[in-house]
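Happy to go through this one with you.

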Protein chains: 2
Amino acid sequence: MKKLYGIGVGPGDPDLLTIKGKKIMNTVDVLLCPVKKEGDISYAYEIIESHLENKEVEIKEVVYPMHYNQKSLEEYWKENGEMITELINSGKSCAFITLGDPTLYSTFMYTLPFVNVAECDIEIIPGITSFSAVASELNQALTKWDESLKIMPVQRQTKEELVKRLEKEDNIILMKPSRNSKPIVEALKSLGLEKNFKMITKVGRETSVIVSDIDVLENQEVPYLSTMLIKKGGFRD
Amino acid sequence: MKKLYGIGVGPGDPDLLTIKGKKIMNTVDVLLCPVKKEGDISYAYEIIESHLENKEVEIKEVVYPMHYNQKSLEEYWKENGEMITELINSGKSCAFITLGDPTLYSTFMYTLPFVNVAECDIEIIPGITSFSAVASELNQALTKWDESLKIMPVQRQTKEELVKRLEKEDNIILMKPSRNSKPIVEALKSLGLEKNFKMITKVGRETSVIVSDIDVLENQEVPYLSTMLIKKGGFRD
């Protein structure tokens, strides 16, 4: 049976890869590694590199530029989908590695509809999400008892839109706050939640940074690979 | 330094344990395994048993009964917290294993405030969540593009309360639907979402069951260890 895997490599710490993910990436013919542009280093690949013991596995870049124009991105999904289709049809098993978990906002799931192979078994291996890692790093529960958690991507929302969405939630994860950090600061202030957020950039890496001061947040360019946790009930000591 | 770990063992497939979780559980003195009552088999322990290679590790039950009376449960958190405190003060490193991820509704986080050890380093190792595993098993994205995801525990909500909460969300995960399944069925029908849900019981185990037929859902006792995904936009083929 032809085989395509989507493997979540987790948020950054190489040892947060699952045992299953490690096993599979060492048995496939081709490991597909997303990069922002040709020749770039793949962050997902950097994470799992130390666990790649089978030197026969072919490493192949798949290019996904870092912008949010859906129409233009679709061209890349299509192109990469066709490339993966060809690889699989030539008899090669493939594993596509993706940061965090493949089922949450991953390019793998965007590309999948363009993979057009007859009788191909597709298997997704879940990964540790950035928000579980953020909460773990902070020694904080994401949710307790009857609380809920809302996971929300930051897009071009205005302060007012954010206020409306944030005010009703117990706990919120903002994914990719780097896209639009100014309205986030304004919304937090407007809701009196200046002390109720923590943001981690590159969680699980040596270069990780925690920000919990609203002034610091306000006066910096929020880096890519940041995740913000907002807790209405506050953080425990 | 005295050390207490909380390790997420994932939802059921032993190989969805992280490499980090496996390493740590093989180096501690005591592995704390939650059970519903004394002498029971710990489901979390069953999941990781095949990865426990160090036979020196002491396995210790921690009892948490399966009901939702917070006052009575607090007695158990306190008692278990004191037991863990004693173990750590006697010089033993401990790892508490927990189903799924420790930061989401876990007894470990409820117990932590009752662990009272001077200068103890507490480290949480995130685990694969049941909902990532459910979406992976179904080959479905939990979220795409600008969609959000709401994670919500099922409590004693009425149909009306559920309708009010479900109607505004793109994607919803209902945790522990076994607690109160009748109002869920009614809410799904009332919102015209009869075909927009899938529920998996014991995801990742050989005995796992998928339910996506509203009549089946309506006419069964929903088992413990079930997770339901509701997608407003429907499921892709």
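This is a predicted model: local features need pLDDT of at least 70, side-chain atom pairs count only at pLDDT 80 or more; totals for chains, interfaces and linings use all residues.

**What the terms rest on**

Strands β2 (residues 30–35) and β4 (residues 94–98) of chain B pair in the parallel sense, over 3 bridges.

Q: What makes β2 and β4 of chain B a pair of strands?
A: Two strands pair if DSSP finds at least two bridges between them. β2(B) and β4(B) have 3 bridges, so they count as paired, in the parallel sense. As one example, Leu32(B) has Phe96(B) in β4(B) as its bridge partner.

Q: Which sheet of chain B has parallel pairing, and in what order do its strands come?
A: It is an open sheet of 5 strands, in the order β3-β2-β4-β1-β5 of chain B.

Q: Why are β3 and β5 of chain B said to stand at the edges?
A: Each of them, β3 (58–63) and β5 (120–125), has a single partner strand, so one side of each is left without a neighbour in the sheet. From one strand to the next, the twist averages 25 degrees.

Q: What angle does helix α3 of chain B make with β3(B), and what is that called?
A: Helix α3(B) (residues 70–89) runs at about 155 degrees to β3(B). Angles over 145 degrees count as roughly antiparallel, so that is the term for α3(B) and β3(B). The helix lies across β1 (2–8), β2, β3, β4 and β5 of chain B.

Q: How do you know whether Val35(B) is buried or exposed?
A: Its relative accessibility is 5%. Buried means under 20%, so Val35(B), a residue of strand β2(B), counts as buried. Beyond its neighbours within four places in sequence, Val35(B) is in contact with residues including Asp40(B), Ile41(B), Glu61(B) and Val63(B).

Q: Which residues make the contact of α6(A) with α7(A), and of what class are they?
A: From α6(A) come Lys159(A), Leu162(A), Val163(A) and Leu166(A), and from α7(A) Pro183(A), Ile184(A), Glu186(A), Ala187(A) and Ser190(A). By class, 6 are nonpolar, 1 is polar and 2 are charged.

Methods:
Residues are numbered from 1 along each chain as its sequence is written. Chains are lettered from A and ligands numbered from 1 in the order in which they are written. Side-chain values use heavy atoms; hydrogens and water are left out. Contact means heavy atoms within 4.5 Å. Helices (H or I, at least four residues) and strands (E, at least two) are DSSP runs, numbered from the N terminus. Ala, Val, Leu, Ile, Met, Phe, Trp, Tyr, Cys and Pro count as nonpolar, Asp, Glu, Lys and Arg as charged, and the others, Gly among them, as polar. Axes are lines fitted to C-alpha atoms, for helices over the stretch in contact, and angles run from 0 to 180 degrees between N-to-C directions. Buried means under 20% relative accessible area, exposed over 50%, partly exposed in between (1.4 Å probe, protein chains only).
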